[in-house]
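User: I would like to go through the aromatic rings in this model. Could you guide me?
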Amino acid sequence: MIRTITATIASALLLSSCASSPVERKPPEQLMVSVPTGELSDSSEFSDLELCRIKDGDPELTNMTAGFPIPVGRIDLRTGANVQIIGVDFIDKSGGPKSPQDQNQIYTDSIQSFYEAQSSVPLGFMWNWYPEWVTMPNSINDYGLGGDFFAGKFDGNAYSNFAQTVIEIVDSKTDFSGSNFLFIVFPKGTTSEEIGTFLVNTQNEYLTDEGNIPNLIVAGGDYVDSDTYIHEFGHGLGLTDIRDTTDIGNQKSDGMYYDMMNNPTYPELLVWHRFLLGFLEDSQLHCKVSSDPSTHWLIPVASESKGVKGVVVPINETEAIIVESRRPIGYDTSLDGNPSLIGTVVYTLDSKIPYHRTPVKVVDVLALGESVEVMGYSFKVLESGAFGDVVEIAKIQ
């Protein structure tokens, strides 16, 4: 039976079903099949990707985006991140005998491992560690960095001024040539009362003798973990938050359940984000502009295979429907605990949706034999297995 759902209410319906006990699904017998058996459409029919480069439609957000192009100043990992990392301590908060690198390399390793796993093309990372702690002349609380962002007490100017002061201290002894990201980290045991917010700043530039740095992370207190770093690093790449952040203290998934830019539970990046960042080979995406029915084999997004990972159906310059396949592999192993989110994911993109609300919303997650209609197109799963999903896409006449 076809389930017809409008894009505006589908996310609410799915969110409700996910909040309760998920529908139990028995693995289909086809999970034992290594490749699809049915006829597939010719990939060459979908190789022109230009019409699927959905434009950024948010007139106000200039430093992050849901559509093409990535804003100027953000990092293209295909050409490389060049990150300067400076450890800062205080007269009353010592870094101790371990260097900033010894204490914090676990986070940079996590960032690199995550993004390399998301990409089918080579990425570049250069981590430049200032070798010793930079001791500030005053106590930690004198710098006004204790304001909790989620409690509305964050002082952005205090953080920006602090970062520029740190740069001025080390500038004569550091070569910032080519740097496109600056991390400032603090000693273990720094509390959230002392450093209240994990800041990522992509709106300002930070002046050095060798040029400006357009992206900044100031690590927060001891609540910080690798997931925080990976998410905030994504803003340095140009990705926006894809959740409802209108109420900072009570954020919601807003119809999207995947992707580190939403939450770390099922963090594998959406096919749309991989396309936007240039992480896919051209052959790994199908752009469907024809109204003729077509059949596509989608490998799971977390698979290391170079097969097709998604289909984009452009509706207009700022809207599209996207379909991809999710399995509990790679960084998505937590999907084992939520079978209702395993399968063929059909979601919409509307790049005009303003910042603080998500521009990508799940319409449905389909199992074998299921189908859904949205925005004038139908999507039906013809085959499903460890190989991914075979999806038939047809324009509704």
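User: Which ring does the charged end of Arg53 sit over?
Analyst: This is a predicted model. In it, the charged end of Arg53 lies over the ring of Phe68, at 5.6 Å from the ring centre.

User: And how many aromatic pairs are there?
Analyst: The count comes to 24 aromatic pairs. One of them joins Phe68 and Phe275 in an edge-to-face arrangement, with 5.1 Å centre to centre and 65 degrees between the planes.

User: Where in the chain are Phe68 and Phe275?
Analyst: They belong to distant parts of the chain, 207 residues apart. Phe68 is in the loop between helix 1 (7-19) and strand 2 (81-90), whereas Phe275 is in helix 5 (residues 271-277).

User: Are Phe68 and Phe275 buried or exposed?
Analyst: Both Phe68 and Phe275 are buried.

User: What about Phe90 and Tyr143?
Analyst: Phe90 and Tyr143 form a tilted aromatic pair, 5.7 Å centre to centre, with 50 degrees between the planes. This pair also links distant parts of the chain: Phe90 is in strand 2, and Tyr143 is in the loop between strand 4 (134-136) and helix 3 (156-170), 53 residues away.

User: Why does Phe90 count as buried?
Analyst: Phe90 counts as buried because its relative accessibility is 2%, and the cut-off for buried is under 20%. Tyr143 is buried too, with a relative accessible area of 18%.

User: Changing topic, which residues do ring pairs link into a cluster?
Analyst: The cluster consists of Tyr107, Phe114, Tyr115, Phe125, Trp127, Phe181, Phe183, Phe198, Tyr229, Phe233 and Tyr331, linked by ring pairs.

Conventions:
Residues are numbered from 1 along each chain as its sequence is written. This is a predicted model: local features need pLDDT of at least 70, side-chain atom pairs count only at pLDDT 80 or more; totals for chains, interfaces and linings use all residues. Side-chain values use heavy atoms; hydrogens and water are left out. Rings of Phe, Tyr and Trp (its six-membered ring) pair if their centres lie within 6.5 Å; planes under 30 degrees apart count as stacked, over 60 as edge-to-face and the rest as tilted. Helices (H or I, at least four residues) and strands (E, at least two) are DSSP runs, numbered from the N terminus. Buried means under 20% relative accessible area, exposed over 50%, partly exposed in between (1.4 Å probe, protein chains only). A charge sits over a ring if NZ of Lys or CZ of Arg is within 6 Å of the ring centre and within 35 degrees of the ring normal.
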